[in-house]
Amino acid sequence: MTTVNADRSHTDAPSGAASADVLLRIRNLSMRFQLSSGFLGLTGRTSFHAVREVNLSIRRGETLGLVGESGCGKTTLGRCVLRAYKPTHGELAYRREDGTVVDLARLGRGELRPYRREIRTVFQDPNSSLNPRMTLLQIVGEPLLVNDLARGAELRDRVAEVLRLVGLRPEYMRRYPHAFSGGERQRIGIARALVTRPRLVVADEAVSALDVSVRSQILNLLEDLQEQLGLTYLFVSHDLSVIRHLCDRVAVMYLGRIVEEGATDDLFTRPRHPYTESLLRALPLPDPRLRSTKKRVPLRGEVPDPASPPPGCTFHPRCPYAQGRCATDEPALIPLGRSAAARCHYADSLQLAGVTDS
Ligand SMILES: Nc1ncnc2c1ncn2[C@@H]1O[C@H](COP(=O)(O)OP(=O)(O)O)[C@@H](O)[C@H]1O
Ligand code: SF4
Ligand SMILES: [Mg+2]
């Protein structure tokens with residue numbers, strides 16, 4: 001089994017303060033996909049990085065938000081954490097319950113088995129992720145069977161317990177998903193994630209498919225469950241208003257890299273990377289207590305093709321603050337205080353606008 005030194009320091013991840021609080025330290029993690037080109041893929045194969053050299057730490061009991069436009073690599077990073085993908089490079093240093101640390105990135109299928117119970121996911125779309133031919137008992141109980149954790153009466157009791165926990169009546173366990181509303185189906189999805197009593201939950205766009213009215217109920221449920229069960233969340237979303245509601249800290253992703261990281265309130269009130277500012281400026285603010293010092297304008301241009309990222313700072317073709325060197329020199333992640341950082345040459349000097357409580 002591959003073990004790693006949990007307290008090894010590294011310089012480019014501010015959240016990576018060496019401490020027993022860190023449940024998962026993602027270190028220099030990259031994921032490359034093969035691309036076929038030409039007729040039937042016969043003329044050549046190229047590869048590109050969907051995730052590139054990501055350093056992030058997730059502390060026990062916190063919610064870390066991962067935000068960025070569609071296609072920037074959020075789902076790929078989440079799937080690496082879940083070990084649905086085997087990362088091409090890097091470490092996933094996971095602190096087990098007994099305090100020892102294991103590198104999940106290097107484990108084989110069999111060695112990963114014990115961690116399948118501990119690291120679980122909530123799927124985005126409760127309509128397509130629930131098998132319509134399975135009852136609630138089968139859907140929610142399946143991870144217990146697959147992971148050899150319970151069967152028979154014990155399995156039924158565990159399913160009843162978790163259904164109650166997510167606000168569903170255990171009497172419904174013989175029903176099929178079509179009998180439930182969108183919000184209830186997402187509760188079923190959450191029950192399926194929690195039935196194995198996980199330690200880390202990766203929620204990827206878990207409320208994006210829901211109506212606004214149901215969304216806040218599910219967010220509140222996730223918050224309550226976290227407190228009750230001491231869960232740690234990696235919460236992936238393209239939606240900054242949802243991130244603001246739920247997350248303690250936020251990592252902003254652009255073209256496979258983390259470009260800014262910080263405590264949620266700090267990042268929203270004082271963004272340090274022009275990309276974060278652009279996302280905030282495009283944010284509709286349904287909460288009248290929030291205001292921005294700048295006019296709401298959509299983010300200009302499209303996300304470039306990750307298979308041929310722009311040179312220098314990959315954000316430079318869209319950045320309103322770009323200078324000559326931005327097109328040639330790739331910026332490093334500059335630490336800004338104890339737990340924040342931004343990947344911009346001018347992170348120290350730019351005065352960017354955020355949203356504030358009025
Ligand atoms: N299995 C895959 N094979 C090849 N390319 C992929 C695969 N999954 C995602 N991609 C590509 O990787 C990039 C990042 O995708 P993804 O992680 O889904 O981003 P996000 O979740 O932020 O929208 C996109 O360009 C996407 O097309
Ligand atoms: S390095 Fe230059 S292009 Fe990149 S975000 Fe900073 S100012 Fe903009
Ligand atoms: Mg995604």
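## Close-up views of helix packing and ligand surroundings

**View 1. Helix α6 passes helix α7 in a right-handed crossing.** Right-handed means that the near helix is turned clockwise from the far one by less than a right angle. Helices are DSSP runs (H or I, at least four residues), numbered from the N terminus. This is a predicted model: local features need pLDDT of at least 70, and side-chain atom pairs count only at pLDDT 80 or more, whereas totals for chains, interfaces and linings use all residues. Residues are numbered from 1 along each chain as its sequence is written, chains are lettered from A and ligands numbered from 1 in the order in which they are written, and side-chain values use heavy atoms, without hydrogens and water.

**View 2. α6 (residues 182–194) packs against α7 (residues 212–229) at about 20°, with the axes 10 Å apart.** The pair therefore counts as roughly parallel (an angle under 35 degrees). Axes are lines fitted to C-alpha atoms over the stretch in contact, and angles run from 0 to 180 degrees between N-to-C directions. From α6 come G183, Q186, R187, I190 and L194; they meet V214, Q217, I218, L221, L222, L225 and L229 of α7. Contact means heavy atoms within 4.5 Å. Eight of these residues are nonpolar, three polar and one charged. Ala, Val, Leu, Ile, Met, Phe, Trp, Tyr, Cys and Pro count as nonpolar, Asp, Glu, Lys and Arg as charged, and the others, Gly among them, as polar.

**View 3. The axes of α4 (residues 136–146) and α6 come within 7 Å and cross at roughly 30°.** On the α4 side, L136, I139, V140, E142 and P143 make the contact; on the α6 side, I188, A191 and R192 do. Six of the contact residues are nonpolar and two charged, with no polar ones.

**View 4. α4 and α5 (residues 152–165) cross at roughly 115°, their axes coming within 9 Å.** So α4 is roughly perpendicular to α5 (65 to 115 degrees). This crossing of α4 and α5 is right-handed. L136, L137, V140, G141, L144 and L145 of α4 meet L155, R156, R158, V159, V162 and L163 of α5. The contact holds nine nonpolar residues, one polar and two charged.

**View 5. Of the 13 residues around ligand 1, G71, G73, K74, T75 and T76 come nearest.** A residue is near a molecule if one of its heavy atoms lies within 4 Å of it. A ligand oxygen lies 2.8 Å from a side-chain N or O atom of K74. For the T75 side chain, the distance from an N or O atom to a ligand oxygen is 2.7 Å. A nitrogen of ligand 1 is 3.5 Å from an N or O atom in the side chain of Y85.

Terms used: Helix = DSSP H or I, 4+ residues; strand = E, 2+ residues; numbered from the N terminus. Parallel < 35°, antiparallel > 145°, perpendicular 65-115°, else oblique. Polar contact = N/O pair within 3.5 Å; in protein donor to acceptor, adjacent residues only side chain to side chain.
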